[in-house]
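Visitor: I would like to learn how to read the features of a model like this one, taking the general idea before the particular case. Could we go through it together?

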Amino acid sequence: MSEILTCEEAIAKYVRGGDTIAVGGFTVTRKPSDPGVMRFDKAAKRMYLAEYYPGVSAPTANCRRARLPALLLLLALCLAVLSACGGSAGTGEGQAPAASGGSAALQAGPIKAVVGEVTDGDTFRAVLTDGREEKVRLIGVDTPESTNEVEPYGREAAAYTKERLSGRTVYLEPDVGERDKYGRFLAYVWLEPPRSGAEAEVRTKMYNAELLLAGMAQVMTVPPNVRYANLFVKLEAEAREGKKGLWAAAPAKYVGNANSKKFHRPECEWGAKIAPQNRVEFATREAAVQAGYEPCGSCKP
């Protein structure tokens, strides 16, 4: 059976022995019958290019066994391939940027799209530049429901997103996990093309962050998509302290204990006993569950 390695794993494994493979972001296969030959996995190439360079067909390329003096030639060839695909050398999926902000994935460029129907405060349909239509779910945030059930501030959040995004050109930045269990495309939605992904830029250009700062959503972190998780927690705290949006509309629907990881109805006797430093508020039950909290066995929220 062939051994499937990411580019980074392959480099780490073979450079130590004086051999080098240098390819950006693609999966390669080592053939046991000929260990000196590294071949790209075609399916992986197609997936990589479909995500970072929509509309570009996969180039033909192999990585052969090379001694260290050949490294510069290999690097030059790989950079040429990547330049033909998108104008820059993108990073592989295995490279995880810091969760506090900033994104190596931006080197490959976000995906340009036009927003169509807005389904909810955090979900909409969009048409990508290659003509594909995707249902997009914002990463790291959760707005109150306004479709199957209507939660407090759900309609306001949906109306806010409809006004801000309908018909607008946006730029979609994916994270490690591309889709959720419903098949929706997961993305950080930029209102303008990002340059660095630094905190100041996230605050002014990213719609996920705008929802948090306006009090239209709360943080919902679902690993492995944690690129901006730390910053999102900070932005939500600012909105909460400023009593913005849903934080001013009504008291929390559920309260959680950060120590026990249980959540309760506000009137629950156990919820009332939570120490202030451990108290976490949730506008929706889904948000509490997604954050890793279990329902109280007494009040059964």
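Visitor: Which residues of the largest nonpolar core touch the most other members?

Guide: Before the answer, two remarks on the source: this is a predicted model, in which local features need pLDDT of at least 70 and side-chain atom pairs count only at pLDDT 80 or more, while totals for chains, interfaces and linings use all residues. Residues are numbered from 1 along each chain as its sequence is written, and side-chain values use heavy atoms, with hydrogens and water left out. A nonpolar core is a set of buried Ala, Val, Leu, Ile, Met, Phe, Trp, Tyr and Cys residues joined through side-chain atoms within 4.5 Å; buried means under 20% relative accessible area, exposed over 50%, and partly exposed in between, with a 1.4 Å probe and protein chains only. Here the largest such core has 37 residues, and Phe124, Val170, Leu172, Val202, Met206 and Phe232 touch the most other members.

Visitor: Which element gives the most to this core?

Guide: Elements are DSSP runs numbered from the N terminus, helices (H or I) having at least four residues and strands (E) at least two. The elements that each supply at least two residues include strand E5 (111-120), strand E7 (133-138), helix H4 (154-165) and helix H7 (229-241), but E10 gives the most, with 6 residues. There is also a second, separate core of 6 residues, among them Phe263, Phe282, Ala287 and Ala288.

Visitor: What does valine 136 touch?

Guide: Contact means heavy atoms within 4.5 Å. Valine 136 lies in strand E7 and counts as buried because its relative accessibility is 0%; leaving out residues up to four places away in sequence, valine 136 touches Asp122, Thr123, Phe124, Ala126, Leu172, Phe185 and Ala187. With the same exclusion, valine 202 touches Trp190, Gly197, Ala209, Tyr228, Leu231 and Phe232.

Visitor: In what order do the strands of the open sheet of 4 strands run?

Guide: Two strands pair if DSSP finds at least two bridges between them. The order in this sheet is E14-E12-E13-E15, with mixed pairing, and the edge strands, E14 (279-282) and E15 (294-295), each pair on one side only. Strand E12 (residues 254-257) pairs with E14 in the antiparallel sense over 4 bridges, and tyrosine 254 stands opposite phenylalanine 282 in E14.

Visitor: How many disulfides does a search of the whole structure find?

Guide: In general, a disulfide is a covalent bond between the sulfur atoms of two cysteines, and the criterion applied here is a pair of cysteine sulfur atoms within 2.5 Å. The search finds 0. For cysteine 296, the closest cysteine sulfur, in cysteine 299, is 3.9 Å away, and therefore too far for a bond. Cysteine 299 is likewise in no disulfide, the nearest cysteine sulfur being that of cysteine 268, at 3.7 Å.
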